[in-house]
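Subject: Structure handover

Hello,

I am passing the structure on to you, with notes on what was found in it. Please keep it open while you read.

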Amino acid sequence: MTESVNLREELEAVGIDDILAQLDRDLIGLQPVKTRIREISSLLLIERIRKRMGLGSEAPTLHMSFTGNPGTGKTTVALRIAGILHKLGFVRRGQVVSVTRDELVGQYIGHTAPKTKEVLKRAMGGVLFIDEAYYLHRPDNERDYGQEAIEILLQVMESQREDLVVILAGYGERMDRFFASNPGFRSRIAHHIDFPDYSDGELLEIAELMLRDMAYRFSAEARAAFVRYIGLRKTQPLFSNARSIRNALDRIRLRQANRLVADLDRVITADRIQSIEAPDVLASRVFAVAEPIAARA
Amino acid sequence: MRVTQGCFSFLPDLTDEQISRQVQYCLGKGWAVNIEFTDDPHPRNNFWEMWGLPMFDLHDAAGVMMELAACRKTYGDRYIRMSAFDSGHGWESLRLSFIVNRPKDEPGFRLERHEVDGRNIRYTTTSYAVDRPEGRRYGS
């Protein structure tokens, strides 16, 4: 039993600071999420020290729910959380098993329990990430097998808290309805984290980060065009934050490749092959749809 | 008479903690750990029944221990063993197996001598337990 602990040394020994710094670097925006993760990791750090001092308290409940619109980084954060929990020694292995309804719920009587249990077994010692968790519950069908999966999940979440952390994710409103009809879930989850939408500036930063990872970059005009693109795309239906940006970038890369191939006689330099020009962005359908409306207005 | 087969069977029975560590070793090697049970202790009985499906892709022993607890609840009066299957090329077979549960009372084996072909003798071992029908061999 130790009497005094140097907090700074402890922090450095665990290496949690590196992860948090990386989180700040790699994830743009998401301030409430980062704050919450920082709080959780502080608690876990203190809990670790308390254990060493013999001030044992029960293992804290770490099950979480992530709510937010599509493409706000719920899965990405879940992967990071697993790393943090593993470094702090609250999960033993740190793997993330990501599942949806299909992998938990069976198709006939007696199929669900073994299926759910198999997933749980694979996730033991790590994090079980259930995406779009509200599909587990189908209120319109009383005999839906989802309920069986929910019961097994709840039981394991309660009895094997030290073996497994469950993260439920989904879109805000539907998750609220899901929790309302399954009160057991709500009370077993300690951390409800809401993922806000990104602002235009953050989306641009995300785009540039993604491009940097793929070894591309915007020219000055292309960036200006992309700022306009973001503004227009946001007003159109089915906008899903960072995911839409990723898809847009993929299409822009297609057009850039097409442009380069069209001009076979020119010598390609490393500079040219990395650079994305304004026409690549402006050819997007988004502008075609938006402009006539703007012209009419 | 205590049945000794597989690893560790000459040691005192493993505790759950020890079982869990052994399972973790197997998982660390990338082997799939399975649970099997039987109430026919004959050493030539190769065909133990499987509890559930083979457990591939596990990372932590807690999952196996959960199944072991469930198996003990149903078949606590029988022999239960863990077997670790290596799917690696060139192996594709069991690498390790050990008993994790045994009946409270193990009645042992009878040695039968058959006198054949004049003065020759053939020997057969039979477990006293199998005199009773399957499922009723160990008390319950």
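The largest cavity has a volume of about 70 Å³. Please bear in mind that this is a predicted model.

Cavities

Searching the whole structure turns up two cavities of 30 Å³ or more. The lining of the largest cavity is made up of Arg2(B), Cys7(B), Phe8(B), Ser9(B), Leu11(B), Pro12(B), Asp13(B), Leu14(B), Phe98(B), Ile99(B) and Arg102(B). Sorted by class, these lining residues are seven nonpolar, one polar and three charged.

The second largest cavity has a volume of about 40 Å³. Around the second largest cavity are Ile37(A), Ile40(A), Ser41(A), Leu44(A), Met64(A), Ile81(A), Ile84(A), Leu85(A) and Leu88(A). Two helices of chain A, α3 (31–52) and α4 (74–87), each give at least two residues to this lining. The largest share comes from α3(A), with four residues. By class, the lining of the second largest cavity has eight nonpolar residues, one polar and no charged.

Chain B

Chain B has two helices and six strands. Read from the N terminus, the order of its elements is α-β-β-α-β-β-β-β. Along the principal axes, the C-alpha atoms of chain B fill a box of roughly 60 × 40 × 25 Å.

The interface of chain B and chain A

How many residues of chain B are in contact with chain A? There are 11 of them, and they touch 11 residues of chain A. The size of an interface is often given as the accessible area lost when the parts come together. Between chain B and chain A the buried area is about 1000 Å², and carbon and sulfur atoms give 62% of that.

Side chains of opposite charge can pair when their charged atoms come close. Three salt bridges are found across the interface of chain B and chain A. One salt bridge joins the side chains of Asp60(B) and Arg93(A), with an N to O distance of 2.7 Å. On the side of chain B that touches chain A, helix α2 (residues 61–75) of chain B gives the most, with four residues. The residues on that side of chain B are five nonpolar, three polar and three charged.

Salt bridges over all chains

The count over all chains comes to 26 salt bridges. Among them is a pair within chain A, Glu173(A) with Arg177(A), whose closest N and O atoms are 3.7 Å apart. Where do Glu173(A) and Arg177(A) lie, and how are they separated? Both are in helix α8 (residues 172–181) of chain A, and because they are four residues apart there, about one helical turn separates them.

Regards

Terms used: Residues numbered from 1 in each chain as written. Chains lettered and ligands numbered in written order. Predicted model: local features only at pLDDT ≥ 70, side-chain atom pairs only at ≥ 80, totals over all residues. Heavy atoms only, no water. Contact = heavy atoms within 4.5 Å. Buried area = accessible area lost by both parts, 1.4 Å probe. Salt bridge = Lys/Arg side-chain N within 4 Å of Asp/Glu carboxyl O. Nonpolar A, V, L, I, M, F, W, Y, C, P; charged D, E, K, R; others polar. 1 Å grid on protein atoms, 1.4 Å probe; cavity = no way out; pocket = protein on both sides within 12 Å on 5 of 7 lines; lining within 4 Å. Points joined across faces, edges and corners; volume = space filled by probe spheres on them.
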